[in-house]
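Hi everyone, thanks for coming along.

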Amino acid sequence: MILDSVFAFSVVIVGVPPWVSRDHLTAREVWIVVLILAVAVSWVWARSKPEITASVLVISHLIELAMAVEPWPQNGLVPIILYQLSSKTERPRRSFWLSLCFVAPIAAGVSWGFAPLYGLDTRENLVRASIIALGCMGCCLTAWFAGSAAHDRRQTVEALRQRAIDLERERDQSIRLAAQEERARIARDMHDIVAHSLSVIVVQADGGSYLAHHDELGDVQTRLAASGQALDTIATTARHALDETRHLVGVLRDDSSAPELAPTQGLDDIPRLVEEMRGALSISLTIEGDPGCHEPLSQGGALACYRIVQEALTNVLKHGGPAANTQVIISHHPDDVTLEILDDGCGAGVHGIERADGAGHGLAGMRERVSVWGGTLEVGSRPDHGFRVHAVIPTH
């Protein structure tokens, strides 16, 4: 605004005093003063609304061409307003103002070049008019394209700023999605560890309590031995669950100490899992095919296999009934590893129907683990009785 005020004030200082100092002003001279003052006032909107100022300039120039044969002081403001027009107006109005960069210089060249007061012949007038027209056109186009470059640069900066905002938004969204995925993974692991361990502990504790309170089950020594075995299983299971929970929680700690590293469970740990569960379930394990016939599973894929078997056995322990027999079948194929867990418990009961419908966190966790590795999962009641879990994990 200060710079614009300086321009307008300069035009007034240069253009008005020579006319105002005279004793008598003609109608033409009054028009000159009025137009100079009008342009100076309109210059207030040169930056905010340049088309208003440009319109006043166009009107003053039309009157000038009709009344005078020499340039007026406000003509020096034309390149400045053209710069503002080019940098701040949008199509299609830009085309109109650009056309004036060609029309107005030609009109000025004809009006000023062929003025009779110079006493030149036609050829000299033509040369003079051409020089004036080309000079004015060059000034106008230079100002226009400078403003156009500023306009393009401003649009580029705005596009880059918007892109930076979009990238920040995408980054924040990615962080939130990663946090949600990590929370879901931790929730699955916690569920697998706690649900499996507590199910084994509850079954063993119920069995030990039943042995302790029923004399008809055998002599004291036999019942004590069985109860002691149940307590040993409880202690081992609880200790193992505590270690896994500590390991999982240790990853969440935010401190400078390096985390304690330990291998995750995989296919090779399933036999040990089955052996631990044999104290609470009747389980058989069958391994079909050669593990070397396919590429080794990734660490995450192997852990998914272990967790699927663990969750399936936990469901059998909770819902299959005390007399349920369970089969765990691991099949190795060139393109995938197939896991099948079958039981003959009360799979058609209420709990079986709920599991088949996908309720609960256990089956949801299994589906998530399988889908992450591009596999498939089928769960449901068997035709006669019992429950079936069938999972396929691709090896590539």
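Let me start with a question: which residues point one way from β3, and which point the other way? Asp 336, Thr 338, Glu 340 and Leu 342 point one way, while Val 337, Leu 339, Ile 341 and Asp 343 point the other way. If you remember one rule for this, remember that in a regular strand the side chains alternate between the two faces of the sheet. And are these residues of β3 buried or exposed? They are all buried; in other words, β3 is mostly covered, with eight of its eight residues buried.

Before we go on, please keep in mind that this is a predicted model. The protein chain has 396 residues, and buried residues make up 37% of them. You can find 12 helices and five strands in the chain. Here is a number about how the chain folds back on itself: take the contacts between residues at least 6 apart in sequence, and 69% of them join residues at least 24 apart.

Now, the sheet. What is the order of its five strands? Reading across, we go β1-β2-β3-β5-β4, in an open sheet with mixed pairing. At the edges sit β1, residues 282-288, and β4, residues 376-381, and each of these pairs on one side only. Neighbouring strands are turned against each other by 10 degrees on average, ignoring direction.

Let's follow β3 to its neighbours. On one side, seven bridges join β2 to β3, and the two run antiparallel. They form a hairpin, with three residues between them.

Ser 381 belongs to the edge strand β4, which spans 376-381. Six bridges join β4 to β5, and these strands run antiparallel too. β4 and β5 form a hairpin with five residues between the strands, and in it Gly 386 takes a positive phi near 100 degrees. As for burial, β5 is mostly covered, with six of its eight residues buried.

Let's zoom in on one residue, Thr 326, which has its place in strand β2. Why does Thr 326 count as buried? Because its relative accessibility is 2%, and the cut-off for buried is under 20%. Its bridge partner in β3 is Asp 343. Leaving out residues up to four places away in sequence, Thr 326 touches a whole list of others, including Ser 282, Ile 283, Ser 284, Leu 313 and Val 316.

What lies across this sheet? Helix α10, residues 299-319, lies across β1, β2, β3 and β5, and runs at about 5 degrees to β3. Helix α9, residues 270-277, lies across β1 and β2, running at about 165 degrees to β1.

Finally, let's look at some helices from earlier in the chain. Two packed helices are described by the angle between their axes and the distance between the axes. For α5 (residues 78-88) and α6 (residues 93-113), the axes come within 10 Å and cross at roughly 150 degrees. The two helices are therefore roughly antiparallel to each other, and α5 passes α6 in a left-handed crossing. Where they meet, Leu 82, Leu 85, Ser 86 and Ser 87 come from α5, and Arg 94, Trp 97 and Cys 101 from α6.

My last stop is α3, residues 27-42. How many residues does α3 have? It has 16, and reaches 22 Å from its first C-alpha to its last, close to the 22 Å expected. An α-helix has 3.6 residues a turn, so residues three or four places apart point the same way. With that in mind, have a look at the buried residues of α3, among them Glu 29, Ile 32, Val 33, Ile 36, Val 39 and Ala 40.

That's my tour, and I'm happy to take your questions.

Technical notes: Residues are numbered from 1 along each chain as its sequence is written. This is a predicted model: local features need pLDDT of at least 70, side-chain atom pairs count only at pLDDT 80 or more; totals for chains, interfaces and linings use all residues. Side-chain values use heavy atoms; hydrogens and water are left out. Two strands pair if DSSP finds at least two bridges between them. Helices (H or I, at least four residues) and strands (E, at least two) are DSSP runs, numbered from the N terminus. Axes are lines fitted to C-alpha atoms, for helices over the stretch in contact, and angles run from 0 to 180 degrees between N-to-C directions. Contact means heavy atoms within 4.5 Å. The expected span of a helix is 1.5 Å times one less than its number of residues. Buried means under 20% relative accessible area, exposed over 50%, partly exposed in between (1.4 Å probe, protein chains only). Angles under 35 degrees count as roughly parallel, over 145 as roughly antiparallel, 65 to 115 as roughly perpendicular and the rest as oblique. A crossing is left-handed if the near helix is turned anticlockwise from the far one by less than a right angle, and right-handed if clockwise.
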